[in-house]
Amino acid sequence: MQITVAPASAQTLRAAVEKLLNDETRPTVIGIYRNLNKVPAEFKSHPNFKAVQADLSDAGSLDFTGSDAVLALTPPKYDGSDFIAETKKAATNVRNAIERSGTVRRLVYISSMGAQHAEGVGEVRTNHESEEIFRSAAPEVVFIRNGYFMENWASALETIRADPPFFYSTITPIDYKLPMISARDIGRTAATELLATGSPLKANPYIFNLHGPKSYSTLDVQRAFEEVTGKKIEVKLIEKDQLTSFYTNILPPNIVGAFVEMTLSFLPGGIQEEEMNSSENMRRGQDTLVDAFKALLQKS
């Protein structure tokens, strides 16, 4: 079996590659990279792995011929460009490469909670647009709609090392819980779906939500950081009316509004609040916040 991962450099997809290469069925894994210097040493030395230089934004560079399955993620664009247009372009290029291949049977796409909405979810609209493009891209299509990435808290690593240590949180109130999931669990789950290529799907496209072992609040994040660092850490909450000014300081101007809308969509009263906490068609990963934060600190 041959599987292409595009792009293989993202945290979630790297975790998928690791699981695939350790699987007893020994699939051949093709990793797509814009920069081959980003290929991990352990992948380079693996006999069943091949790195290929290509770019999702360059249609001519994508060749999936010979692959049975493709794992895709549409990378975010925070460079000031039209992020919706760039995402649609990348997704279309992947779809066309799948169709040209004549061999790809299954597409697994790393999506997001809220992707079912065409409006009102801000930056998550990129996932909605990608799902629409990928809906009939292959005979078997799987969309994994993930909860809030635990690794999003990596932005706190610098400030929790400050004196005194602290971190910012846009998830309010402090005890409000929402689904969170680790990149490692997303990768593991995606690998499982890829290895099942050829087996019947409950629906096509098959869509499920992926959450961690339980939902977490900002208070839980604070406690997890304190456990892994052994320090008391302050939380600086960013309230709803402060979101615009907060994101203005860290993001290109053209994406600030999208991030504000996305954040409001999963906070209390938002368009996602009820459905994202539903247990219907939901799976759970195994990593806790403490597990994810330990991994983050080891890498930093």
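A: In this predicted model, helix H4 lies across strands E5 and E6. H4 runs at about 165° to E5.

Q: Is H4 mostly covered or mostly open, and how many of its residues are buried?

A: H4, which spans residues 125-134, is mostly covered, with 8 of its 10 residues buried. The buried ones are Thr 126, Asn 127, His 128, Glu 129, Ser 130, Glu 131, Ile 133 and Phe 134.

Q: What covers the buried residues of H4?

A: The cover includes strand E5 (106-112) and strand E6 (140-146), and also helix H3 (83-101).

Q: At what angle do H3 and H4 pack?

A: The angle is about 25°, and the axes of H3 and H4 are 9 Å apart. An angle under 35 degrees counts as roughly parallel, and H3 and H4 are therefore roughly parallel to each other. Residues of H3 in the contact include Phe 83, Ile 84, Thr 87 and Ala 91. On the H4 side, Arg 125, Thr 126, Glu 129, Ser 130, Ile 133 and Phe 134 take part.

Q: Is the crossing of H3 and H4 left-handed or right-handed?

A: H3 passes H4 in a right-handed crossing.

Q: Let us turn to another helix pair. How do H1 and H5 cross?

A: Helix H1 (residues 11-21) and helix H5 (residues 183-195) cross at roughly 50°, and their axes come within 7 Å. That angle makes H1 oblique to H5. The crossing in which H1 passes H5 is right-handed.

Q: Which residues meet there?

A: From H1, the residues are Gln 11, Thr 12, Ala 15, Ala 16, Lys 19 and Leu 20. Those they meet in H5 include Ala 183, Ile 186, Gly 187, Ala 191 and Leu 194.

Q: Back to the strands. What is the order of the sheet with 8 strands?

A: The order is E3-E2-E1-E4-E5-E6-E10-E13, in an open sheet with parallel pairing. Strand E3 (49-53) and strand E13 (282-284) are at the edges, and each has a single partner strand, so one side of each has no neighbour in the sheet. From one strand to the next, the twist averages 25°.

Q: How many bridges join E1 and E2?

A: Strand E1 (residues 2-6) pairs with strand E2 (residues 28-33) in the parallel sense over 4 bridges. Within this pair, Ile 3 stands opposite Val 29 in E2.

Q: And what is the order of the sheet of 3 strands?

A: That open sheet has the order E7-E9-E11, and its pairing is mixed. Its edge strands are E7 (148-149) and E11 (215-216), each of which pairs on one side only.

Q: In what sense does E9 pair with each of those strands?

A: E9 (residues 178-181) and E7 pair in the parallel sense over 2 bridges, and Tyr 148 stands opposite Met 180 in E9. E9 and E11 pair in the antiparallel sense, also over 2 bridges. There, Leu 178 stands opposite Tyr 216 in E11.

Q: Are the faces of E9 covered or open?

A: Both faces of E9 are covered. Leu 178 and Met 180 are buried on one side, and Pro 179 and Ile 181 are buried on the other.

Q: One last topic: where does UniProt place the NmrA-like domain?

A: The UniProt record, an unreviewed entry, places the feature "domain: NmrA-like" at residues 13-265. In the model, this span is 34% helix and 20% strand, and its end C-alpha atoms lie 26 Å apart.

Methods
Residues are numbered from 1 along each chain as its sequence is written. This is a predicted model: local features need pLDDT of at least 70, side-chain atom pairs count only at pLDDT 80 or more; totals for chains, interfaces and linings use all residues. Side-chain values use heavy atoms; hydrogens and water are left out. Buried means under 20% relative accessible area, exposed over 50%, partly exposed in between (1.4 Å probe, protein chains only). Contact means heavy atoms within 4.5 Å. UniProt positions are given in the numbering used here, feature names are shortened, and annotations may be inferred rather than shown by experiment. Two strands pair if DSSP finds at least two bridges between them. Axes are lines fitted to C-alpha atoms, for helices over the stretch in contact, and angles run from 0 to 180 degrees between N-to-C directions. Angles under 35 degrees count as roughly parallel, over 145 as roughly antiparallel, 65 to 115 as roughly perpendicular and the rest as oblique. A crossing is left-handed if the near helix is turned anticlockwise from the far one by less than a right angle, and right-handed if clockwise.
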